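Here are my notes on the model, as numbered points. Please read them beside the coordinates.

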Amino acid sequence: FCFDADHKNIWFTGKLTNTVGRIGIDGSPNSLQHFELPTLGAVPIYIALGPDGNVWGTCLKSSIIFRVTTGENPVVDEISISDVAKDRKPIAIKPDPRGRPFMWFSTE
């Protein structure tokens with residue numbers, strides 16, 4: 001899980017439901033939302049807040065990473081890594097430690 005930039009929401013992955021979710025830190029049932037990933041069976045496993053303020057993540061069963069915008073109406077985008085990591089599955093993802101506008105990911 002991770003917090004968004006303003007620490008008002010907790011973001012989490014739904015491995016079995018192929019979703020990314022968020023819930024307000026107040027825990028209100030009305031603040032719970034799920035956002036479906038476009039690739040069926042992708043199995044989102046790891047997420048991190050990016051330097052752009054969006055939530056980035058990896059999917060265990062596909063060669064994609066994803067980005068979810070964190071605004072009022074979140075949008076899920078998928079990015080294929082098959083061109084740079086053919087037949088590899090992304091595992092973890094982290095923001096650049098030097099504060100540059102990059103996300104780094106590891107593969108298996």
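Notes on the predicted model

1. The protein has an accessible surface of about 6400 Å², with 56% of that belonging to carbon and sulfur atoms. Areas are from the Shrake-Rupley method with a 1.4 Å probe, and for residues only the protein chains shown count as cover. Of the 108 residues, 38% are buried (under 20% relative accessible area, 1.4 Å probe, protein chains only).

2. This is a predicted model, in which local features need pLDDT of at least 70 and side-chain atom pairs count only at pLDDT 80 or more, while totals for chains, interfaces and linings use all residues. Residues are numbered from 1 along each chain as its sequence is written, and side-chain values use heavy atoms, with hydrogens and water left out.

3. The protein contains ten strands and zero helices (DSSP runs numbered from the N terminus: strands E, at least two residues; helices H or I, at least four). The radius of gyration is 13 Å, close to the 13 Å that the globule rule gives for 108 residues, so the protein is as compact as a globular protein of that length (C-alpha atoms; the rule is 2.2 Å times the number of residues to the power 0.38).

4. Strands β1 (residues 2–3) and β2 (residues 9–14) run antiparallel and are joined by two bridges; strands pair if DSSP finds at least two bridges between them. Cys-2 stands opposite Trp-11 of β2. Five residues lie between the strands of this hairpin, and His-7 takes a positive phi near 60°.

5. β2 also pairs with β3 (residues 19–24), antiparallel, over six bridges. Gly-14 has Thr-19 in β3 as its bridge partner. Four residues separate β2 and β3 in their hairpin, where Asn-18 in the turn has a positive phi of about 60°.

Key:
Buried means under 20% relative accessible area, exposed over 50%, partly exposed in between (1.4 Å probe, protein chains only).
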